[in-house]
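Hi there,

Here is the structure I promised to send over. Please have a look at it first, and then read on for what turned up.

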2 protein chains.
Amino acid sequence: MLLEKTVQTIGPLDREAMKNARRRVDSLIKPPGSLGRLEELAVQLAGIQGRTIPEYGSRAVILMAGDHGVVSEGVSAAPREITYQMLSAFTGGVAGISVLSRMAGADLVVVDVGVAVPVDIPGVLNHKVREGTGNITAGPAMSREEAVKALEAGIRVAADQIESGRRLLATGDMGIGNTTPSSAILAVLAGIPPEEATGRGTMVNDRVLERKVWAVKEAIRVNRPDPGDGIDVVSKVGGLEIAGLAGVILGAASRRIPVVIDGFISTAAAMVACAIKKEAREFIIPSHLSGERGHAYMLEHLGLKPLLHLDMRLGEGTGAVLAMGIVEAACRIMKEMASFEQAGLSDLDEEKLQK
Amino acid sequence: MLLEKTVQTIGPLDREAMKNARRRVDSLIKPPGSLGRLEELAVQLAGIQGRTIPEYGSRAVILMAGDHGVVSEGVSAAPREITYQMLSAFTGGVAGISVLSRMAGADLVVVDVGVAVPVDIPGVLNHKVREGTGNITAGPAMSREEAVKALEAGIRVAADQIESGRRLLATGDMGIGNTTPSSAILAVLAGIPPEEATGRGTMVNDRVLERKVWAVKEAIRVNRPDPGDGIDVVSKVGGLEIAGLAGVILGAASRRIPVVIDGFISTAAAMVACAIKKEAREFIIPSHLSGERGHAYMLEHLGLKPLLHLDMRLGEGTGAVLAMGIVEAACRIMKEMASFEQAGLSDLDEEKLQK
């Protein structure tokens, strides 16, 4: 019910606000187009918010954590326990995302949507749907009902954040083994061969990489996910934190709040969200190009171009919060730069100049 | 004398500090290498500063302004007067760089090193060497003595900033027509055909582009700059603000302060600085990939990889200040993230994990 209602609420961008924003951006004291992606972002944000001069404001990164049954197939170099262990590092302020979100002025919201063990850590929100997914090489990751629950957990967390005043959200993930289901999602939704969709994730050697490719193929063979049904895909070959993050994206879009996505896992979630409701794409802001090989395919499939090229592949939302500064910059040029008229400068009239 | 002394002071990075920084970065709670370019930056900054954990601190962007005689050849769509007119916008806080440097927490230092008219604007530093360059299609941009003066102006401004406490500098430019001399510098120093080195700059149509290519060829034919002599190149086919910015880079390097370079013009200045003293390169941090076509060649020639892909081509230092946040992030992960030992986490020992 909540999922259905949320999806129905997602509408197109405000074209009138975008037209006005384009006019404003072209009036600023700079050659037309010379602020490149900042200009495009400003216009997109205007369309999302329905105002000529978009606002930046209170912001948060929502980090969803979950475990993966497929880890038992030897697809990960790191032990499953790390997922749980990192939760205290997140809330303790000493993990990568803790440091970078603090720098970005973003609150870090840590959510357990499917960690394999009981979690009782102050500051970690409990939205656990189940203790880890099933082994996707042998059956579905979760039932369809569980996938909907995870999606709705994401919608709820996003809604809570927005109601408490956030005007910009970002997504982050934690889940040992989650590049394997993300590769499976990419392979299914973009129709890319598993060999192309699967990369090394974290410190994976050739033998483990082969194992991952096998696992992705087997997951698709065994579960036969329907590429026309995003919920089916994420429930059969996905993950709980991936479904949760897809919910965050849908929840943000339904309330017309821009959402910055992180790397490989977050973009898999974005693919799921857009497979459920394609209009969600217009509310998404890409951040970095991950070092994980399949990420470029994902962004291409969604028609998104990364802002940062930092060869990062940590996840947690680290790339997304770094891009929040770019989003703020896009809003600030609209608000704080003068127009040629305001500054009393010679007009850089394009027609005049091209003669 | 000042130039010579400065150049002699530029030494190699501190390899011991870099080794210690690499050890620290590998001990942090993340898979080795997963913070990508942030890790490389942290190690570079450690080598520049000679300390394991690099510091970020007070910062400034130095914007050098100058005019170009070659504008009389019709190589620019915008009128020369814009160079002067923009100075008040910079100091008035309403130009692109004013807004973005404010956001980055960087002071904006505006320097007249060669504007074609007398400048009496509060807040603009006067280091004028001459009122605009000569027309490079007919003779040298300036004399060798003037080029040295402009370089030394940059060294002085950088030194003043560093003495007043800056720990991070960035470069920016203003000068109608300055993509033409920058293309000439690229063509000469990287040995690239003028047709490849020359792009559209600001709003240039096909006819003006042809004119620019002609001007670059003619400037090289008439002046015969020596690719082995950076001062010769910048004096014959360069610009006053370009020489000034090369001086800023040399001045920063001699005092072991990292300097973030902006786009096409600033990178032309970096090429000049490195042609004068190749060790200066290690103190340079690239920022964005400009929309101007020759910029990728410049970065490749210097062996630098851009951090931001924003299709910007405004100059002024706008891309450089946006990247200052990335530099701060690199310092912060070193200082604020915990090591596996500190956090009491299972070690992600690479050898163990690869077995």
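A salt bridge here is a side-chain nitrogen of Lys or Arg within 4 Å of a carboxyl oxygen of Asp or Glu. By that criterion, the count between chain B and chain A is four salt bridges. Please keep in mind that this is a predicted model.

In one of these salt bridges, Asp311(B) pairs with Lys305(A), and their closest N and O atoms are 3.4 Å apart. As for the interface as a whole, 58 residues of chain B contact 58 residues of chain A. About 5000 Å² is buried between chain B and chain A, and carbon and sulfur atoms give 66% of that area.

One helix pair spans the two chains. Helix H5 (residues 96-104) of chain A and helix H14 (residues 318-336) of chain B have axes that come within 9 Å and cross at roughly 135 degrees. H5(A) is therefore oblique to H14(B). Their crossing is right-handed. On the H5(A) side, the contact is made by Val99(A), Leu100(A), Arg102(A) and Met103(A), while H14(B) brings in Gly325(B), Glu328(B), Ala329(B), Arg332(B), Ile333(B) and Glu336(B). Sorted by class, the residues of this contact of H5(A) with H14(B) are five nonpolar, one polar and four charged.

Within chain A, have a look at helix H2 (residues 15-27) and helix H3 (residues 36-49), which pack at an angle of about 150 degrees with their axes 8 Å apart. H2(A) and H3(A) cross in a right-handed sense. From H2(A), the residues Ala17(A), Met18(A), Ala21(A), Arg22(A), Val25(A) and Asp26(A) meet Glu39(A), Glu40(A), Val43(A), Gln44(A), Ala46(A) and Gly47(A) of H3(A). The contact of H2(A) with H3(A) has six nonpolar, two polar and four charged residues.

The axes of helix H1 (residues 2-9) and helix H11 (residues 240-254), both of chain B, come within 8 Å and cross at roughly 50 degrees. That angle makes H1(B) oblique to H11(B). The crossing of H1(B) with H11(B) is left-handed. Here Leu3(B), Thr6(B), Val7(B) and Thr9(B) of H1(B) meet Leu250(B), Gly251(B) and Ser254(B) of H11(B). By class, the contact of H1(B) with H11(B) has three nonpolar and four polar residues, and no charged ones.

Happy to talk any of this through.

Best wishes

Note on methods:
Residues numbered from 1 in each chain as written. Chains lettered and ligands numbered in written order. Predicted model: local features only at pLDDT ≥ 70, side-chain atom pairs only at ≥ 80, totals over all residues. Heavy atoms only, no water. Axes fitted to C-alpha atoms, helices over the stretch in contact; angles between N-to-C directions. Helix = DSSP H or I, 4+ residues; strand = E, 2+ residues; numbered from the N terminus. Parallel < 35°, antiparallel > 145°, perpendicular 65-115°, else oblique. Left-handed = near helix turned anticlockwise from the far one by under 90°. Contact = heavy atoms within 4.5 Å. Nonpolar A, V, L, I, M, F, W, Y, C, P; charged D, E, K, R; others polar. Buried area = accessible area lost by both parts, 1.4 Å probe.
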